[in-house]
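Hi,

Here is the structure I promised to pass on. Have a look at it first, and then read my notes below.

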Amino acid sequence: MNYRKFKANYLFTGKNILDNKSVLITDDAGKIMDIVDESSAGNDLEVFNGILSPGFINAHCHLELSHLKGCIPEKTGLVNFVFKVVTERHFDQKEITDAIDKAEKEMLQCGIVAVGDICNNTLSLHQKENNILYYTNFIEVSGWHPDVAEARFEKSKLYYDEFVQKKQETFLVPHAPYSVSQNLWGKITPYFTQNVVSIHNQETFDEDEFFINGFGSLVEMYKIMKVDNSFYQPPKIRSLQTYFANFERAASVILVHNTFIQQQDLDYIKNIKSKNQLVSFCLCANANIYIENKLPPIGMLLQNECNIVIGTDSLASNYQLNILEELKTISVNFPGIPLEALLQWATINGAKALQNSDKLGSFEKGKQPGIVLIENVNGKKLTQHSAAKRIL
Ligand SMILES: [Zn+2]
């Protein structure tokens, strides 16, 4: 068997950063054999300038929206954003699938190996069948008026069946607390058992307003989208408390955005989450800045020892699908967070959330997580010029 031996200024294992005396040994295909000291590594080392890391996990993306890059104006708020996404329909299928192909290439080149991808159609399926990246497909279900629950569920279920038939890892998930009726929750909850689920959570301030007081921009959104909201009686509790119990039987829950999450929400989750259930908090920093120009309370998530993971969201609300660019934005805004923690979020934490840490997320014997080189670093710190590329 042929071995390859990698050495750089630092080696991030998925858990910690080792110094430049550590050598990563893989087979030709990139399966991890060992990490040894340079003195016992022998010859033929491949030496790099920068930090070596396992491949990145993009825990939240919408590949099917890649053709909307640059179409939606920045910093106009979630309601305007959602309205634009659902009404921008003047694209032909070739344009959409070409954009998907291009976006996947971009993710591959900048070190992403696995993607939690939201799907509202099957346009990305063909690309995913090439098995270039690992995909966890989240077929999104939405429908606010209780009367549309049956039809919306059936539509999503058809997409779900198509993905499953093509042997893609696929789960049925709710879009957001404010877009799924109780009837619809009732239909999808049986699909959560022992599975991975994801939901857009507290992305806008008005989400909690909508559930506590029944007013705010979400009411306006339903008005302009001509969705009848007259049936709605606000339950007078915070958004998270209206739905989280539905995830009782899920093995892994990924809450996406969390821009307006509060300590009382984290306390609520701690109290009611099932034993052995992993709850992850996905940060999509560049999309948050693009849409709402506000970042989540990352310090609070850290203090509560939350499993933080990283997503790019879609090219409709981001200029690139690049995990290192997300880490750079976070480290500029939260300079106290050590690089070791940021890289854990981008690798092993995401792999655990998507339940593929048996093969991805760290340099542990037997895994094949991909090897990424992060260049233009300043010691153990990212700089504005830092860039990541896949080297194996
Ligand atoms: Zn999203």
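To start you off: how are α1 and α7 oriented to each other, roughly parallel or roughly perpendicular? Before the answer, some housekeeping. This is a predicted model, with local features needing pLDDT of at least 70, side-chain atom pairs counting only at pLDDT 80 or more, and totals for chains, interfaces and linings using all residues. Residues are numbered from 1 along each chain as its sequence is written, and side-chain values use heavy atoms, with hydrogens and water left out.

Helices (H or I, at least four residues) and strands (E, at least two) are DSSP runs, numbered from the N terminus. Axes are lines fitted to C-alpha atoms, for helices over the stretch in contact, and angles run from 0 to 180 degrees between N-to-C directions.

Now the answer. The axes of α1 and α7 cross at roughly 25° and come within 9 Å, and the two helices are therefore roughly parallel to each other (under 35 degrees is roughly parallel, over 145 roughly antiparallel, 65 to 115 roughly perpendicular, the rest oblique). On the α1 side the contact (heavy atoms within 4.5 Å) uses Val79, Val82 and Phe83, and on the α7 side Ser217, Leu218, Met221 and Ile224. By class that is 6 nonpolar, 1 polar and no charged residues (Ala, Val, Leu, Ile, Met, Phe, Trp, Tyr, Cys and Pro count as nonpolar, Asp, Glu, Lys and Arg as charged, and the others, Gly among them, as polar).

α7 has another partner in α6 (residues 205-212): those axes come within 8 Å and cross at roughly 85°, so α6 and α7 are roughly perpendicular to each other. Here Asp206, Glu207 and Phe210 of α6 meet Ser217, Leu218, Val219 and Tyr222 of α7. That contact divides into 4 nonpolar, 1 polar and 2 charged residues.

Further along, α12 (residues 323-333) and α13 (residues 339-353) pack at about 145°, with axes 11 Å apart, and their crossing is right-handed. Ile323, Leu327, Ile330 and Ser331 in α12 meet Leu342, Leu343, Trp345 and Ala346 in α13.

On to the pockets. On a 1 Å grid over the protein atoms alone, a pocket is an open set of points where a 1.4 Å probe fits, with protein on both sides within 12 Å along at least five of seven lines; lining residues have an atom within 4 Å of a point. Grid points are joined across faces, edges and corners, and a volume is the space filled by probe spheres set on the points.

The largest pocket has a volume of about 1,200 Å³. Its lining has 42 residues, with Val85, Val86, Arg89, Asn120 and Ser142 nearest the centre. α1 gives the largest share of that lining, 5 residues. By class, the lining has 19 nonpolar, 14 polar and 9 charged residues.

The second largest pocket has a volume of about 410 Å³. Of its 26 lining residues, Val113, Asn131, Leu133, Tyr134 and Tyr135 are closest to its centre. β9 (112-119) and β10 each supply at least two residues of that lining.

Cheers

Definitions and conventions:
Left-handed = near helix turned anticlockwise from the far one by under 90°.
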